[in-house]
Amino acid sequence: EEDEEEEEDDDSEEGSESTHRGVEGQTVNRTALQEQIKMNRFVESMSLASVGTSKTKNKTVNRSKKASQSSLGQLSPFQILWQNLNHWCSTVTRAVVKGTEDTEPDENGVPLGCLRFPAEMVHKQRLIAQHVAKHLDLIKPTLGLAFLREQNLSRLISSFEVLHPVPSLKARQWLCVCLVLLDVTTRFDSQLKQQIYQQKHTTFIQMVRSTGINVEEFQSLVDIFC
């Protein structure tokens with residue numbers, strides 16, 4: 001009988017240990033599950049934060065673009081003209097005006113200072129020349145420019161360094177560009193200078209004012225090239 005009681009006690013102790021291990025295993029599993037749930041929630045919250053940050057950046061970029069476009073739209077006619085003419089004027093342009101450009105041909109027979117720009121830029125120069133020629137045809141009779149040496153005007157335009165797309169200027173602005181370039185050309189074309197400054201100066205000033213630019217602003221545009 002004593003032996004049977006000892007066996008029962010052993011069985012009871014083994015059962016107790018097994019139960020204890022089972023409880024510990026469940027506790028460990030629950031803890032691991034809770035940790036995994038916490039980690040999943042953390043990852044999810046970080047993803048949401050990342051999306052929110054991305055949206056904020058996109059909104060900031062869009063606001064910056066709108067602000068830039070708005071500031072360009074608020075430029076005055078004079079500021080628009082000054083900005084473009086200042087971009088176009090190159091060191092070669094100033095050399096042409098001062099008469100110091102190198103006109104000796106290079107090894108290919110092309111005069112230095114001419115056609116030295118890439119084809120894309122030459123195309124932009126031609127677009128500017130087309131706009132200028134269109135308005136030049138309109139003002140020639142009024143200014144008595146029937147014998148204008150247009151090659152001098154072409155030399156000036158072909159020296160422009162047109163890095164940006166040619167702007168969509170209004171008709172009055174292109175007329176002002178045309179008048180500015182005529183005035184600049186008088187610096188190295190004595191015949192044109194006599195026609196504009198001695199014979200038709202009053203008419204020329206009236207044309208300048210018709211573009212919405214006053215005389216002081218016009219002189220500032222001319223000074224860009226000098």
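Predicted model: local features only at pLDDT ≥ 70, side-chain atom pairs only at ≥ 80, totals over all residues.
Colleague: How many helices does the protein chain have?

Modeller: Helices (H or I, at least four residues) and strands (E, at least two) are DSSP runs, numbered from the N terminus. Along the sequence the pattern reads α-α-α-α-α-α-α-α-α. The protein chain has 0 strands, and its number of helices is 9.

Colleague: Which element has the lowest mean pLDDT?

Modeller: The mean pLDDT of the protein chain is 76, with 61% of its residues at 70 or more. Helix α9 (residues 215–223) has the highest mean, 97, and the lowest, 52, belongs to helix α1 (residues 2–73).

Colleague: Which element supplies the largest share of the lining of the largest pocket?

Modeller: On a 1 Å grid over the protein atoms alone, a pocket is an open set of points where a 1.4 Å probe fits, with protein on both sides within 12 Å along at least five of seven lines, and lining residues have an atom within 4 Å of a point. The lining has 13 residues, of which Q125, A129, L153, S154 and I157 lie nearest the centre. At least two lining residues come from each of α4 (119–143) and α5 (150–157). The largest share, 7 residues, comes from α4.

Colleague: How many charged residues are in that lining?

Modeller: Ala, Val, Leu, Ile, Met, Phe, Trp, Tyr, Cys and Pro count as nonpolar, Asp, Glu, Lys and Arg as charged, and the others, Gly among them, as polar. The lining divides into 8 nonpolar and 3 polar residues, and the number of charged ones is 2.

Colleague: Which residues is T185 in contact with, leaving aside its neighbours within four places in sequence?

Modeller: T185 is found in helix α6 (residues 171–185). Its relative accessible area is 2%, so T185 is buried. The C-alpha atoms of T185 and V222, 37 residues apart along the chain, are separated by 9.9 Å. The contacts of T185 are N152, L153, L156 and L192.

Colleague: What is the relative accessibility of Q195?

Modeller: Helix α7 (residues 190–199) holds Q195. Not counting residues up to four places away in sequence, Q195 touches G144, L145 and K200. Q195 counts as buried because its relative accessibility is 9%.

Colleague: What separation do the C-alpha atoms of V122 and S159 have?

Modeller: V122 is found in helix α4 and counts as buried, because its relative accessibility is 12%. V122 and S159 are 37 residues apart along the chain, and their C-alpha atoms are separated by 9.4 Å.

Colleague: What share of the residues in the protein chain is buried?

Modeller: By the Shrake-Rupley method with a 1.4 Å probe, where for residues only the protein chains shown count as cover, the protein chain exposes about 15100 Å², and carbon and sulfur atoms supply 51% of it. Of the 226 residues in the protein chain, the buried share is 30%.

Terms used: Residues numbered from 1 in each chain as written. Heavy atoms only, no water. pLDDT = per-residue confidence, 0-100. Buried < 20%, exposed > 50% of the residue type's maximum accessible area, 1.4 Å probe, protein only. Contact = heavy atoms within 4.5 Å.
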